[in-house]
Amino acid sequence: MKPHTAPLIEENRSHPHLAGLLGAYHLANQAEKGTPVATVAELPAVYRGEAEDPVAAFAADTVLLATPPGGEHPVGCVVLKAPRAGRAPEVKRLWVEPGERRKGFARALVAEALRRAAALGASSVRLTVWDRRREPLALYRSLGFATAPSWDPRPGLLCLEKPLAADRVERLTPDAVRAHAADGLAALLVDAVDGGASVGFLTPLEAAEAASWWLRVAGEAEEGVRDVWAALDADGRPVGAVTLVRTGAANGGHRGEIARLLVHRSARGRGLGRRLLAAAEAHAAATGLTLLVLDTQTGSPAERLYRGAGWTAAGTIPDYAADPAGALRATTLHYKRLG
């Protein structure tokens with residue numbers, strides 16, 4: 001059996017293949033409704049506008065594309081509509097080319113949309129689906145969506161909603177970093193190293209050494225050199241963390257570095273990494289930074305997260321750093337412009 005390789009999920013509302021995917025979605029939808037048309041030009045104006053100019057139609061929304069491993073172009077898309085007037089964000093326009101179905105692309109697209117919604121701090125995500133569409137409905141149910149009070153009265157249209165994890169992301173004061181250093185934060189760092197993450201330490205990492213590192217971080221936070229965010233579970237325990245380091249160079253006051261993005265293995269799959277990264281990026285922009293940089297082990301899950309969040313690879317350095325077991329690994333440098 002071949003090992004499973006996940007599709008590439010990227011955000012790009014200006015991708016040249018997106019218009020074709022949206023056009024195919026709307027043409028199929030019109031046929032299902034019993035009002036078929038032959039071309040995109042014959043679609044109702046609102047749908048035609050989406051297919052002809054998705055950049056304008058979804059300017060405030062998140063558009064995700066799925067490309068098969070080694071593929072040249074995307075075969076599926078989904079839109080996460082931004083929350084409006086206090087409403088939860090909504091999953092719309094889920095489409096996978098007929099010949100590429102039952103390969104996990106739809107699930108990967110919706111799962112990423114859920115992670116993006118969590119990163120925005122949404123408490124739930126909603127969607128609508130026709131009750132006759134059994135496969136999409138089964139997919140949504142399997143991802144935790146449940147029937148909700150209707151907000152669209154059209155006959156046969158089901159309204160579904162999924163609550164998101166209760167974890168909260170907070171910026172920690174220096175005293176809060178010290179308070180968590182010996183337990184939650186130390187355990188978080190030890191878990192990352194035990195799991196093979198290349199974060200500057202070799203295995204075995206003792207809890208005391210990990211706690212000592214966090215105490216130094218607290219001092220840097222007090223000096224204004226480093227900001228710290230933690231993802232806290234319902235009991236207030238850190239299950240994720242990230243730091244933003246500010247350069248001390250006179251000519252580098254416009255940039256910062258993302259360092260030590262960590263999510264405990266028991267808390268992965270809930271969008272915490274993306275939420276932590278988004279919190280750090282938003283704070284960096286709000287405090288005048290216009291450029292962020294980071295480095296990460298080439299080919300790691302973290303690199304895929306950064307690429308999905310809009311970071312650009314600047315280059316790869318071979319044998320840059322040892323992984324926790326001591327083997328030298330390549331590192332890829334990334335950057336992201338803010339504003």
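**Figure 1. Tyr320 has its place in strand β13, and here is its nonpolar patch on the surface.** The model is a predicted one: local features need pLDDT of at least 70, side-chain atom pairs count only at pLDDT 80 or more, and totals for chains, interfaces and linings use all residues. Residues are numbered from 1 along each chain as its sequence is written, and side-chain values use heavy atoms, with hydrogens and water left out. Helices (H or I, at least four residues) and strands (E, at least two) are DSSP runs, numbered from the N terminus. Tyr320 teams up with Ile317 and Leu333, and together the three have about 250 Å² of accessible area (Shrake-Rupley with a 1.4 Å probe; for residues, only the protein chains shown count as cover). Patches take residues with over 30% relative accessible area and no salt bridge, joining like charges within 9 Å and nonpolar side chains (Val, Leu, Ile, Met, Phe, Trp, Tyr) within 5 Å. Tyr320 counts as partly exposed because its relative accessible area is 46%; buried means under 20%, exposed over 50%, and partly exposed lies in between (1.4 Å probe, protein chains only).

**Figure 2. Seven strands make an open, mixed sheet.** The order is β8-β9-β10-β11-β12-β14-β13, where two strands pair if DSSP finds at least two bridges between them. β8 (168-172) and β13 (312-322) are the edge strands; each has a single partner, so one side of each goes without a neighbour in the sheet. From one strand to the next, the twist averages 25 degrees. Axes are lines fitted to C-alpha atoms, for helices over the stretch in contact, and angles run from 0 to 180 degrees between N-to-C directions.

**Figure 3. Strand β10 (residues 238-246) has antiparallel partners in β11 and β9.** Six bridges connect β10 to β11, and seven connect β9 to β10. On the β11 side, Leu244 faces Ile258, and Gly240 has Val263 as its bridge partner.

Figure 4. Ser212 is a residue of α7 and counts as partly exposed because its relative accessibility is 31%. Ser212 and Ala186 are 26 residues apart in sequence, with their C-alpha atoms 8.4 Å apart. Look also at the loop between α6 (174-194) and α7, where Pro204 lies: a cis peptide bond joins Thr203 and Pro204, with omega about 0 degrees.

**Figure 5. Helix α9 (residues 301-308) has three buried residues, Glu303, Tyr306 and Gly308.** What do the buried residues of α9 pack against? Their neighbours are β1 (8-11), α4 (105-119), β11 (255-263), α8 (272-286), β12 (291-297) and β14 (328-337). α9 lies across β11, β12 and β14, at about 150 degrees to β12. After α9 comes Gly310, with a positive phi near 95 degrees.

**Figure 6. Arg93 and Arg102 have positive phi without being glycines.** Arg93, in strand β4 (residues 90-96), has a phi of about 55 degrees and is buried at 13% relative accessibility. Arg102, in the loop between β4 and α4, has a phi of about 60 degrees and is exposed at 72%.

**Figure 7. The whole structure has 24 salt bridges, and this view picks out a few.** A salt bridge puts a side-chain nitrogen of Lys or Arg within 4 Å of a carboxyl oxygen of Asp or Glu. Arg133 and Glu32 meet at 3.7 Å, N to O. Arg133 sits in the loop between β5 (124-130) and α5 (134-142) and Glu32 in helix α1 (residues 18-32), so the pair ties together parts 101 residues apart in sequence. Asp61 and Lys81 meet at 3.0 Å; Asp61 is in the loop between α3 (54-57) and β2 (62-67), Lys81 in strand β3 (residues 76-81). Asp61 is buried at 2% relative accessibility, while Lys81 is partly exposed at 21%. In helix α6, Arg178 and Asp175 are about one helical turn apart because three residues separate them. Shared partners also join Glu11, Glu112, Arg115, Arg116 and Arg274 into one salt-bridge network.

How values were computed. Contact means heavy atoms within 4.5 Å.
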